[in-house]
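This report covers one predicted protein model.

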Amino acid sequence: MNVKTPAPLAEAPLSRRRPTREEAEAAVRTLLLWAGDDPDREGLVDTPARVVRAYEEFFSGYEIDPVELLARTFEETDGYDEMVLLRDIRLESHCEHHMVPIIGRAHVAYLPHKRVVGISKLARVVEAYAKRLQIQEKLTAQIANTINDVLQPKGVAVVIEAAHQCMTTRGIHKPGVSMVTSRMLGAFRDDAATRREFLAMIGMRGTAARLSEEG
Ligand SMILES: [Zn+2]
């Protein structure tokens, strides 16, 4: 299983001890100085505290166990065995190389095998992995692998389309470019018709041909 929940910080070695809030705020103050500004001026004086609170929100996924989110399933499905698709899930993550936002959307589908899960839980799994430091490829794989491992469906498909602010606001400055990643497991990988149906449902016909070729 590719799911890695970080060890609780209390058990981490001393070198990886979680800093105190004051230490985290001091680090933000250092970055303000590094940017060339005066952290003591009126507009910035509360910024370290605000940034640390924002970080608690941006990275709240470390506190969530995605496996536990999917633990409660329903078996009374009257034999429903068609695709379940959650489309256009808003995705907000942060790139682990630059710590700037990755903004986009995720599409998550699975083919149930006896068990289904509350539909909001799929969105919560996306969020649990998105609210960490990520690269899009790993995020895509983690979501698909967790659903596959826990629900053991006949197949799982995850597509993420996202813009990386490290590409749009710095470096090569390419706004309007989005990155598309996909992870297909089970029937979505083995059966081209199932994969095409999924890609058509998420409105990626152009992409469908390419992804089908890649298998
Ligand atoms: Zn980056």
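## Helix pair α4 and α5

Helix α4 (residues 119-130) and helix α5 (residues 136-151) have axes that come within 10 Å and cross at roughly 140 degrees. Axes here are lines fitted to C-alpha atoms, for helices over the stretch in contact, with angles from 0 to 180 degrees between N-to-C directions. The angle makes α4 oblique to α5; angles under 35 degrees count as roughly parallel, over 145 as roughly antiparallel, 65 to 115 as roughly perpendicular and the rest as oblique. The crossing of α4 past α5 is right-handed, meaning that the near helix is turned clockwise from the far one by less than a right angle.

On the α4 side the contact is made by V125, V126, Y129 and A130, and on the α5 side by L139, Q142, I143, T146 and I147. Two residues are in contact if their C-beta atoms, placed from the backbone, lie within 7 Å. By class, this contact of α4 with α5 has seven nonpolar, two polar and no charged residues. Ala, Val, Leu, Ile, Met, Phe, Trp, Tyr, Cys and Pro count as nonpolar, Asp, Glu, Lys and Arg as charged, and the others, Gly among them, as polar.

## Model and overall content

Residues are numbered from 1 along each chain as its sequence is written. The model is predicted: local features need pLDDT of at least 70, side-chain atom pairs count only at pLDDT 80 or more, and totals for chains, interfaces and linings use all residues.

The protein chain has nine helices and seven strands, which are DSSP runs numbered from the N terminus (helices H or I, at least four residues; strands E, at least two). Of its 215 residues, 27% are buried. Buried means 20 or more other C-beta atoms within 10 Å of a residue's own, exposed 12 or fewer, and partly exposed in between, with C-beta atoms placed from the backbone.

## Strands around β3

β3 pairs with β2 in the antiparallel sense over nine bridges, and with β6, also antiparallel, over 10 bridges; pairing requires at least two DSSP bridges. I89 stands opposite A106 in β3, while L111 has G155 in β6 as its bridge partner. Eight of the 11 residues of β3 are buried, so β3 is largely enclosed by the rest of the structure.

## Positive phi values

Most residues other than glycine have a negative phi. M99, in the loop between β2 (84-95) and β3 (101-111), has a positive phi near 60 degrees. M99 is exposed, with 12 other C-beta atoms within 10 Å.

Q152, in the loop between α5 and β6 (155-164), has a positive phi of about 45 degrees. With 15 C-beta neighbours inside 10 Å, Q152 is partly exposed.
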